[in-house]
Amino acid sequence: MGHPARLYVPATLANLGSGFDALGVALDLYLEVEAEPAQEDTFLYQGEGQVEGKDNLIHQGYRAGMEALGLRPEPLLIRAFNPIPLARGMGSSSAALVAGVALADQHSGGRLGREGVFQVAARLEGHPDNVAPAVYGGFVAALAEPPLAIPLPRPQGVYFVLAIPPYEVPTPLARAALPEQVPLKDAVFNLARSALWPAALYSGRLEALREACRDRLHQPHRAHLMPGVLEAIEGALEAGALAAFVGGAGPTVAALAREDRLEEVAKALEGYRGEGRTLILGIGEGYFWKET
């Protein structure tokens, strides 16, 4: 294993509004993980919420990664420090899975590579829009089957204002709120706008993101789980955000804004956040290692 190293895996936002299960972005907030061989699997956790036991997502990712390599997963002592809020739509579970697969990759001397880490984690997680940015960083367009991820340009001088309410929205509950079928016009509405995301990022025409972030496939159907969410999104846009949407399954509302609008946008989202908290974060990097 060489020198002890610490692994950093970013929080992520999936969907970006219109790009349901297809687009995501990494945030500058990192799950930190260290691991060493042990007599039996051990998990030491600090940070958001309570996570314990050998069946945690990091160990699961590690076992899946070793299995994909045809190796026996030797027991690991894993220490995790997690500043990513749990069940708030900021990709905490994807970060944990990616961390585990990356541990397997490192353990094998890099036999999976970044692409292999993405493939194993995407199959495990089932939704590539959180996994892909956790692996590659920045904005990413992604498919689960076949696993494919293409990084998009990263605009300069923009930040995310995250309004994080005090309650959780578990992903299964949010998934259950979605209809089995949608009107063709809603599907077309979203297709057109999700196509605008890469176009706006490549051309630098960020004003188009205001329209690109609009959605009819998931946010309206889940709004009853997050009181005031649709009004909060409109309020952020009115306050000068470039884009505003629900992070993943929610309840976090994320607004992309230039530096000179951050205060106004944060203020516009205060009512929605309630007793929760506001974070202002830059765009994050894909997972990386640092020597300790």
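Student: Which residue stands opposite Val-33 in strand 4?
Tutor: That residue is Ala-80. Please bear in mind that this is a predicted model.

Student: How many bridges join strand 2 to strand 4?
Tutor: Six bridges link strand 2 with strand 4, which spans residues 76–82, and the two strands run antiparallel.

Student: And what is the bridge partner of Leu-7 in strand 2?
Tutor: Leu-7 is partnered with Val-33. Val-33 is also the residue opposite Ala-80 in strand 4. Strand 1 (residues 5–14) and strand 2 (residues 23–37) are antiparallel and are joined by seven bridges.

Student: Where does strand 5 come in, and how many bridges join strand 2 to it?
Tutor: Strand 5 covers residues 139–143 and is joined to strand 2 by three bridges, again with the strands running antiparallel. Within this pairing, Gly-24 stands opposite Val-140.

Student: Turning to the helices, at what angle do helix 1 and helix 2 pack?
Tutor: Helix 1 (residues 57–68) packs against helix 2 (residues 92–107) at about 40 degrees, and their axes are 7 Å apart. The two helices are therefore oblique to each other. Their crossing is right-handed.

Student: Which residues in helix 1 meet helix 2?
Tutor: On the helix 1 side they are Leu-57, Ile-58, Gln-60, Gly-61, Tyr-62, Gly-65 and Met-66. The residues they meet in helix 2 include Ala-96, Leu-97, Gly-100, Leu-103 and His-107. By class, this contact comprises ten nonpolar and six polar residues, with no charged residues.

Student: Now for charges: how many salt bridges does the count come to?
Tutor: The count comes to 15 salt bridges. One of the pairs is Asp-21 with Arg-175, whose closest N and O atoms are 2.8 Å apart.

Student: Which parts does the Asp-21 and Arg-175 pair tie together?
Tutor: Asp-21 lies in the loop between strand 1 and strand 2, whereas Arg-175 belongs to helix 5 (residues 171–176), so the pair ties together parts 154 residues apart in sequence.

Student: One last topic: where does Tyr-136 lie, and what is it in contact with, leaving aside neighbours within four places in sequence?
Tutor: Tyr-136 lies in helix 4, which spans residues 128–136. Setting those neighbours aside, Tyr-136 is in contact with Arg-114, Glu-115, Phe-118, Ala-149, Pro-151 and Gly-286.

Note on methods. Residues are numbered from 1 along each chain as its sequence is written. This is a predicted model: local features need pLDDT of at least 70, side-chain atom pairs count only at pLDDT 80 or more; totals for chains, interfaces and linings use all residues. Side-chain values use heavy atoms; hydrogens and water are left out. Axes are lines fitted to C-alpha atoms, for helices over the stretch in contact, and angles run from 0 to 180 degrees between N-to-C directions. Helices (H or I, at least four residues) and strands (E, at least two) are DSSP runs, numbered from the N terminus. Angles under 35 degrees count as roughly parallel, over 145 as roughly antiparallel, 65 to 115 as roughly perpendicular and the rest as oblique. A crossing is left-handed if the near helix is turned anticlockwise from the far one by less than a right angle, and right-handed if clockwise. Contact means heavy atoms within 4.5 Å. Ala, Val, Leu, Ile, Met, Phe, Trp, Tyr, Cys and Pro count as nonpolar, Asp, Glu, Lys and Arg as charged, and the others, Gly among them, as polar. Two strands pair if DSSP finds at least two bridges between them. A salt bridge is a side-chain nitrogen of Lys or Arg within 4 Å of a carboxyl oxygen of Asp or Glu.
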